[in-house]
Amino acid sequence: MFFSFELKDFIDILWVALMLYYIFRLMRESRSLNVFVGIMIFVIVWFFVSQILEMRLLGSILDKLVSVGVIALIVIFQEDIRKFLYDLGAHQRVRTIVRFFSPKKAEENDKTALKRAIIPIVMACMSMSKGKVGALIVIERHISLSDIVSTGETINADINQRLIENIFFKNSPLHDGAMIISHQRILAAGCILPVSHNLDIPKDLGLRHRAALGMSQESDALSIIVSEETGGISIAQHGQFRLRLSAEELESILTTQMDLQ
């Protein structure tokens with residue numbers, strides 16, 4: 001019998017190739033590339049022994065290892081799997097479908113409250129930028145940051161320019177941590193964020209930028225950074241930086257992104 005190659009076989013191979021490529025990218029970003037290569041070598045050996053050579057004893061042993069190994073991989077790479085599922089759910093088309101079935105908000109009230117929340121943040125960032133006061137502000141969006149909030153001091157106050165500046169004042173006990181804003185309120189300050197281990201981050205960016213990038217890699221939060229060295233204002237979102245922002249650019253981004261809450 002001759003091997004028949006149909007369109008569905010091509011689609012099958014294409015999907016497997018795309019899946020392997022995406023897994024390869026995740027492993028490379030998380031510095032687990034060697035683990036990925038080792039897994040691929042084991043899978044090739046398992047397939048060769050079980051399907052081609054048909055070695056029953058060795059094949060059955062490898063089958064058991066594969067069945068147990070799947071559970072072990074889920075435990076080891078739970079953060080990478082979580083990121084993959086988040087990226088899938090946060091895809092633009094998926095978000096459009098979700099919003100289509102979600103109840104609509106009262107637009108006039110939302111715009112008024114949004115403007116009252118954005119202006120103090122922008123003004124505080126510009127003031128701290130001029131004085132080269134370091135700051136890290138994280139704005140919660142769709143994914144809850146309750147675990148991050150619990151690492152800091154609860155504030156639960158309206159967004160206020162002077163309050164933001166006082167929290168990040170150099171002698172303040174909370175100035176080294178991150179401020180968390182949710183539903184247009186300051187929930188907490190002095191919070192501890194996960195630090196990104198991405199090796200592609202420019203050397204001139206400090207720990208605040210790494211923490212902001214790490215937060216953006218694990219959630220859909222919007223992280224605003226004011227550099228203590230240069231006074232530059234940056235934003236980290238979806239694992240990417242937007243550096244050296246002006247007041248107009250910062251306000252535009254906040255207006256777009258905070259409106260999605």
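Strand E6 is covered on both faces: Ile 233, Ile 235 and Gln 237 are buried on one side, and Ser 234 and Ala 236 are buried on the other. That makes five buried residues out of five for E6. Keep in mind that this is a predicted model. Overall, the protein chain carries ten helices and seven strands, and 34% of its 261 residues count as buried.

**E6 and its partners**
- On one side, E6 pairs with E5; the two run antiparallel and are joined by four bridges. Ile 225 sits opposite Ser 234 of E6 here.
- E5 and E6 make a hairpin with six residues between them, and Gly 231 in the turn has a positive phi of about 80°.
- E6 also pairs with E7, again in the antiparallel sense, over three bridges. In this pairing, Ala 236 has Phe 241 of E7 as its bridge partner.
- The E6 and E7 hairpin has two residues between the strands, and His 238 takes a positive phi near 55°.

**The sheet as a whole**
- Zooming out, the seven strands build an open sheet with mixed pairing, in the order E2-E4-E3-E1-E5-E6-E7.
- Strand E2 (153-158) and strand E7 (240-242) are the edges, each pairing on one side only.
- Neighbouring strands are turned against each other by 25° on average, direction ignored.
- Strand E1 (residues 135-139) and strand E5 (residues 222-226) run antiparallel and are held by five bridges. Within that pair, Ile 139 faces Leu 222 of E5.

**Helices packed on the sheet**
- Helix H9 (residues 207-218) packs on the sheet and touches E1, E5, strand E6 (233-237) and E7, with its direction making about 175° with that of E5.
- Helix H10 (residues 247-258) packs on the sheet too, touching E1, E5, E6 and E7; its direction makes about 160° with that of E5.
- H9 has twelve residues and spans 17 Å from its first C-alpha to its last, close to the 16 Å expected at 1.5 Å a residue.
- The buried residues of H9 are Arg 208, His 209, Ala 211, Ala 212, Leu 213, Gly 214, Met 215 and Ser 216. They pack against E1, helix H7 (146-149), E5, E6 and E7.

**Nonpolar cores**
- The largest nonpolar core has 30 residues, and Ile 121, Ile 164, Phe 168, Ile 224 and Leu 254 have the most contacts inside it.
- Helix H6 (107-130), E1, helix H8 (161-167), strand E3 (178-182), strand E4 (185-191), E5, E6 and H10 each put in at least two residues. H6 gives the largest share, with eight residues.
- A separate core of 16 residues lies apart from that one, with Leu 136, Leu 145, Ile 148 and Ile 225 among its members.

**Whole-chain numbers**
- Among contacts between residues at least 6 apart in sequence, 60% join residues at least 24 apart.
- The accessible surface of the protein chain is about 17000 Å², and 62% of that belongs to carbon and sulfur atoms.

Key. Residues numbered from 1 in each chain as written. Predicted model: local features only at pLDDT ≥ 70, side-chain atom pairs only at ≥ 80, totals over all residues. Heavy atoms only, no water. Pairing = 2+ DSSP bridges. Axes fitted to C-alpha atoms, helices over the stretch in contact; angles between N-to-C directions. Contact = heavy atoms within 4.5 Å. Expected span 1.5 Å × (residues − 1). Buried < 20%, exposed > 50% of the residue type's maximum accessible area, 1.4 Å probe, protein only. Core = buried A, V, L, I, M, F, W, Y, C linked by side-chain atoms within 4.5 Å. Areas by Shrake-Rupley, 256 points an atom, 1.4 Å probe, with all protein chains shown as cover.
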